[in-house]
Amino acid sequence: MPQSLPLYRLAALTLAPLALAACASGGKELPPANYSDTPIAPSEEYTIGPLDEITIHVWRNPELSADKVRVRPDGRLTIPLVQDIPAVGKTSTELQDYIAGELAQYIEQPIVSVIVNTPEGNFTQQVRVIGATPQPASLPFRANMTALDAMIAVGGLSEFAAGNRSKLIRQDRESGKQVEYRVRLSDLIRRGDASANVMLMPGDTIIIPESRF
């Protein structure tokens, strides 16, 4: 007659699968990315950051315009007649209004347009991917960006990545607090599960842990 297991071992064997299931399914999850044909409008206007490349056009005054000027690390830029323009933190509209106000000292009713060619430096407008990935990076956010877009940009998951234990850290704009979500990157990248793809927002950080051995 087989010897019965001690009660504590029987309890451990009974509870272990439940504990594993709880670990696998725990954490908030975001809804799947929307693949609708209708474009999603951007939620907010881009604010200029250090090292952004911008073009400034002054109507009927090409000599005052600046093509592909880089915002300096100190957050300022210079164009003909106007030096040390504070650019960081301004939207394109705010910057063009500021420049027009400065140029009004020299020309009558200046009309200024500002275009951000290459967004580089504003961390609140970037998505960061760190951890078990071949190329951790800060990526410029673009409208309708998804977790799949970010993972393609960083080269996917590394060999020992625990993709389904990844976390997405997001700043809640109403409360100002950080909110943590679970993202199933292994299901997305290695199994092609489209339901695991989620929409990203400016300032998101994706953290990918390594497998536990």
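How many aromatic pairs does the structure hold? The structure holds zero aromatic pairs, where a pair would need ring centres of Phe, Tyr or Trp (its six-membered ring) within 6.5 Å.

This is a predicted model, in which local features need pLDDT of at least 70 and side-chain atom pairs count only at pLDDT 80 or more, while totals for chains, interfaces and linings use all residues. Residues are numbered from 1 along each chain as its sequence is written, and side-chain values use heavy atoms, with hydrogens and water left out.

**View 1. The largest nonpolar core has 23 residues.** Such a core is a set of buried Ala, Val, Leu, Ile, Met, Phe, Trp, Tyr and Cys residues joined through side-chain atoms within 4.5 Å, and buried means under 20% relative accessible area with a 1.4 Å probe, protein chains only. Among the residues with the most contacts inside this core are V129, M151 and L185. At least two core residues come from each of β6 (126-131), α3 (147-153), β9 (178-183), α4 (185-190) and β10 (205-208).

**View 2. L200 and the residues that it touches.** Leaving aside residues up to four places away in sequence, L200 touches several residues, including V127, F141, L168 and I206, a contact being heavy atoms within 4.5 Å.

**View 3. A second, separate core has 20 residues.** Its members include I54, V69, V82 and L95.

**View 4. K90 and the ring of Y98.** The charged end of K90 sits over this ring, 5.1 Å from its centre, which for Lys requires NZ within 6 Å of the ring centre and within 35 degrees of the ring normal.

Technical notes
Buried means under 20% relative accessible area, exposed over 50%, partly exposed in between (1.4 Å probe, protein chains only). Helices (H or I, at least four residues) and strands (E, at least two) are DSSP runs, numbered from the N terminus. Rings of Phe, Tyr and Trp (its six-membered ring) pair if their centres lie within 6.5 Å; planes under 30 degrees apart count as stacked, over 60 as edge-to-face and the rest as tilted.
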